[in-house]
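Colleague: I'm new to this one and would like to learn how to read it. Could you walk me through it?

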Amino acid sequence: MKEQLEAIRREALAKIDKAADLNTLQDIKVTYLGKKGSLTSVLRGMGSLSKEERPVVGELANNIREAITNEIAKKTDVLEKAALEEKLEKEAIDVTLPGRPVHVGGPHLLTSIIEEIEDLFIGMGFEVREGPEVETDYYNFEALNLPKGHPARDMQDTFYLTNELLLRTHTSPVQARTMQQYGGSQSVKMICPGKVYRRDTDDATHSHQFTQIEGLYVDKHVRMSDLKGVLNKFAKSMFGDDRKIRLRPSFFPFTEPSVEMDISCKVCEGVGCSVCKQSGWIEILGAGMVHPNVLEMAGYDPEKYTGFAFGMGPERIAMLKYGIDDIRNFYTNDKRFLTQYHHVKGGTL
Amino acid sequence: MLVSVNWLNNYVDTSSVSPEELAELITKTGIEVDGIDYFAEQSSNVVVGHVDACEQHPNADKLNLCQVDVGEEKLQIICGAPNVRQGQKVAVAKPGAVLPGNVKIKKTKLRGVESNGMICSLQELGIAEKYVPKDVADGIFVFPKDTAIGADVQRLLNLDDAVLEFDLTPNRADALSMLGVAYETAAILDTELTLPDEHVHTDSEQASDYISVGVDAADLNPYYGAFIVKDIDIKPSPLWMRNALMAAGIRPINNVVDITNYVLLEYGQPLHAFDYDRFGSKHVVVRRAGDNERMTTLDGEERTLSSDNLVITNGQEPVALAGVMGGANTEVNDDTKTILLEAAYFSPQAVRATVRDTGLRSDSSARFEKGVDPNRVERAGLRACHLLEKYAGATVLTGPIVFDELDRTEKTVTITEKLINHRLGTVITSAEIETILNKLQFPFVKHDDMFTVTVPTRRGDIAIFEDMLEEVARMYGYDNLPYTLPEGSSQAGGLTKQQELKREISSYLQGAGLMETMTYSLTDEASIERLVSPELRAKEPKPVRLPMPMSEDHNYLRLSMVPELLKSVAYNRARSQMDISYFEMGNVFVTNEQTLSQQPSENLRLAGAMTGMWLRHPWQHEQKQVDFYLVKGVLEGLFAYLAIPISFEQTKLTDMHPGRCASILIDGRIVGFLGQTHPVLEKELDLGETFVFDIDLDQVMDFYTNTTSYEPIPKYPAIARDIAFIVDEDVLAGDIKETIEKEGAPLVKNVRIFDVYKGDNLPEGKKSIAYSLFYQDPEKTLQDDEVEQSYQTIVASVNEKFDSYVRS
């Protein structure tokens, strides 16, 4: 009987080894271990064995069953892996084919720049104010120390709707309105972005519509050095820590003293190049200390209150920052232009 | 203003700095220097030569064969200029010379005869054609007889001069004169200033025997000075003066005209010379012109005047438009012997009015318009007389005859060290302030830390403390100002609710695949009435037209952003950019007034235009064209994101596809529309199928709260039930959905349409709409019978209302 069992073991293990697929293995399992399998039938004849022989043969039979079972399991594993590999092999795709496009949008470049400036000044405690684009002559000019007949008020430059109504030529009227609203007794700390209009013929450097962002700070002890400090902080955040600023005297009817702010040219690092017209500096904005007449007209006592104001053109900043050579690009909305600036944040000038 | 550095050196020594350094210093201290022009490109080896002999070229009629003495040698030169003569002193480019434009002069042969150099015209030496005096414009330049042979022409003609181009702000009218620039430069460089010579010899004859002066409009003409200058010899002005004028951009003419122009630039005071013998009387009368009075100005134009214009008359008729232009009859010419030289103060208003009415602008009017220095008017006249004596051999009669009501008072401004530092944030000492005032040559009286400063009349821009503060600050140097941050009360900055809404909408739409645009607020006549949203149209707004537009493309305030967006779409399509998804937020301008008396109200809106393919993925056979439901989905998503419930109603609008347009409602109020533009309009504008939307954000604001509260995540499972109704084709899916939601509340949390079917297996004129209903109870697990009961109620109600039946 022992020989019989050993023969089964040899035969079964050989068949398992040769088995090429899972079905064959299943058949082997049935053939040897099934209810009608050869191992089972051998064991059925155990009754004819002696009392001494029985446990010995029984143990052997169990060992053989275990060995066959293990081998089948091992082989199953091997065959399954092979089958899976074959299946996956067949599932291979051409990874060089294009993916399914995702539709992406993005902001307008001017919005990106305006929002970046807004966020910067919000961080310094400025509120963001807006005002009407159709303004009165009073808020656009008179309240800003530009009385009727003032030479700096060029009628030719302004889109008048009536004698008293016009398309605002700057966002400064929002400053006058805000100061009036605060009634002469509260500090004002605001920036105002928006669209403005000038009677210009559109060309590469002129646009009858463009944007501005201005700022105003009025309080009991505002110094010109505060203006310099705030503008310096702005310039470094907006254009890079390595930038220097300089203030140059200038003239605006609504500020005195008035200055223009330049930043050092990134391209040549101040040596002079074509970008900065050989000067080493690039003009960025106009600013100054609020003219006492403007404070007075808005109800602030210029003996007690002082303030600073500044204003800049997002188009100009964008054009300098990215080397854009035609201002009309901002308004024709060519998709090829718009998509270039969908990831604008920070950056250098 | 063009400032010749050579000229400036007459008053202030700038040799310590290069022209570039000077420009930088002036820019930093007060006046922006836009650029530096070297008067002419460099040339070399050009010297003065004497034409010893000049005869016709043996082989050419139009060429001259000249023997020219240039000092160390004699050169034979062939010259084609018609004005070359024996005995002239001329500019000779010797062999080896390099002229502007890199023209190299070599020995050569012309028509068989040797030529060793070139006799030059001013143009060949690099002077711009427009500044070249007319008498030498067509030929060579001839130097005065006393010019030394062999002298360097470059130096003689000032060709190495640097000219600074000033970009003057309106307040700095003082720098419209060389003297003003000299004061500024002397202050910056802290150097001495030399003033010009105004000395005039006394004469036995009295000007009063020749002229009297009467002014009928003292408010417009508070000072009029008349000088009589006799025995004038009209000839070219001295070379240095011609050089100076050319460098300043003025063409030399003759000594009298050049001297008045020179003094104009030097003092900033316009002068006018009348030919006395043709003046027509012995009386100057200044008055307002009569309405429709006529005169011919020296440009030959006949002008019709009005009482706004100030004129100089001879008692009968106008001989000059005051401060703007002289008359043709009294113009100085080559035969002039005696002149009446006018030095006057004309008020800015008077000159501005005449400039406005006539369109005549000149170097004179520009200065009068900004206000000339009252203390320099007469001195400028004296300076011109001095130069006329010297360079026109003239005699100046004792005078001048004046009308004088001119206010020459100097203003005073008080500053203190404390207030200066308080305003600037600096620590400037009293001594430093003193130094600054001295540099500026502002006289002052000092008491402790208080300065009472007398402002010279040349600085008409300084009137109040802040003006003087600026003077101190700019001279102290803005570079020396410290950097500080405001010390005042701090407040939290931030956006308004509306700005937050705008940012939220923008970020959602960008995420949804739309690009933001910026279009013009001014649109054209064809677009103004187009695609106005129904709720706005209901207000019957009146279009606002600009009275003085710059172009017919932009002459109306827009009532909708959609037409401008469609133009952008068409622009892109014309450039093969076919797939466009654009949105924009901006104002439209609404008024009911036919004639505006107050500002239109500004209505913030969101508009969009979408066209072409939304998805192009051909190799996997996926593509999606933009259609109504895509756009609607974007908007539904947007409002879900804003947590504002919206609904849609079929509507018809002009210029929109009659079957593919819906109004958008919030809480029963129309707030906008969406849909496809009308195919006729699409054809007109060269568009494909284009879908647009336009929404009133002011109304949306009423429903927008930017605070989100917490809603617990449901603990109990939801149960889904599908149901399909067969209805008449014209029944709207949304109406059924509304009924389901109403009847199913509160257990039905969500209703989705998942199929719409027409065709086989359905009767003619019927369609099937399938809905998925999601039931959920936040408190407990739903029971089947509860759901079944609700389901039956819904079916019954829908069937009754829409005459439908359930598809099995």
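Colleague: Into which domains is chain A divided?

Modeller: Keep in mind that this is a predicted model. Chain A splits into domain 1, residues 2–88, and domain 2, residues 109–341. Taken over C-alpha atoms, the centres of domain 1 and domain 2 of chain A are 91 Å apart.

Colleague: Okay, now salt bridges. What's the general idea, and how many salt bridges does the structure hold over all chains?

Modeller: The idea is simple: side chains of opposite charge can pair when their charged atoms come close. Over all chains, the structure holds 71 salt bridges. One of them is between Glu622(B) and Arg100(A), at 2.8 Å from N to O. Glu622(B) belongs to strand E35 of chain B, while Arg100(A) is in the loop between helix H4 and helix H5 of chain A, so this pair joins two chains.

Colleague: Which residue does Glu115(A) meet in a salt bridge?

Modeller: That would be Arg503(B), with 3.7 Å from N to O. This pair also crosses between chains, running from helix H5 of chain A to helix H13 of chain B, residues 497–511. Glu115(A) is partly exposed, with a relative accessibility of 24%.

Colleague: Which residues are linked in a network of salt bridges?

Modeller: Arg246(A), Arg248(A), Glu260(A), Asp262(A), Glu283(A), Glu24(B) and Glu32(B) are linked that way.

Colleague: Let's go back to helix H5 of chain A. What does Leu120(A) touch?

Modeller: Leu120(A) sits in that helix, and at 16% relative accessibility it is buried. Leaving aside residues up to four places away in sequence, Leu120(A) touches Phe234(A), Ser237(A) and Met238(A). For a sense of distance, Leu120(A) and Pro151(A) are 31 residues apart in sequence and 36 Å apart in space, C-alpha to C-alpha.

Colleague: Now the rings. How do I describe an aromatic pair?

Modeller: You describe a pair of aromatic rings by the distance of the centres and the angle of the planes. A search of the whole structure turns up 24 aromatic pairs over all chains. Take Phe121(A) and Phe126(A): their ring centres are 5.2 Å apart and their planes stand at 75 degrees, so the pair is edge-to-face. Both Phe121(A) and Phe126(A) are buried. For Phe308(A) and Phe310(A), the centres are 6.4 Å apart and the planes at 35 degrees, so that pair is tilted. Phe308(A) is buried at 0% relative accessibility, and Phe310(A) is buried at 3%.

Colleague: Which residues form one aromatic cluster?

Modeller: The cluster is made up of Phe121(A), Phe126(A), Tyr217(A), Phe234(A), Phe239(A), Phe308(A) and Phe310(A). Phe234(A) is also one of the residues that Leu120(A) touches.

Colleague: And where does the charged end of Arg177(A) sit?

Modeller: Over the ring of Tyr139(A), 4.1 Å from its centre. In chain B, the charged end of Arg458(B) sits over the ring of Tyr183(B), 3.5 Å from the ring's centre.

How values were computed: Residues numbered from 1 in each chain as written. Chains lettered and ligands numbered in written order. Predicted model: local features only at pLDDT ≥ 70, side-chain atom pairs only at ≥ 80, totals over all residues. Heavy atoms only, no water. Salt bridge = Lys/Arg side-chain N within 4 Å of Asp/Glu carboxyl O. Helix = DSSP H or I, 4+ residues; strand = E, 2+ residues; numbered from the N terminus. Buried < 20%, exposed > 50% of the residue type's maximum accessible area, 1.4 Å probe, protein only. Contact = heavy atoms within 4.5 Å. Domains from an automatic or database assignment. Phe/Tyr/Trp six-rings, centres within 6.5 Å; stacked < 30°, edge-to-face > 60°. Lys NZ or Arg CZ within 6 Å of the ring centre and 35° of its normal.
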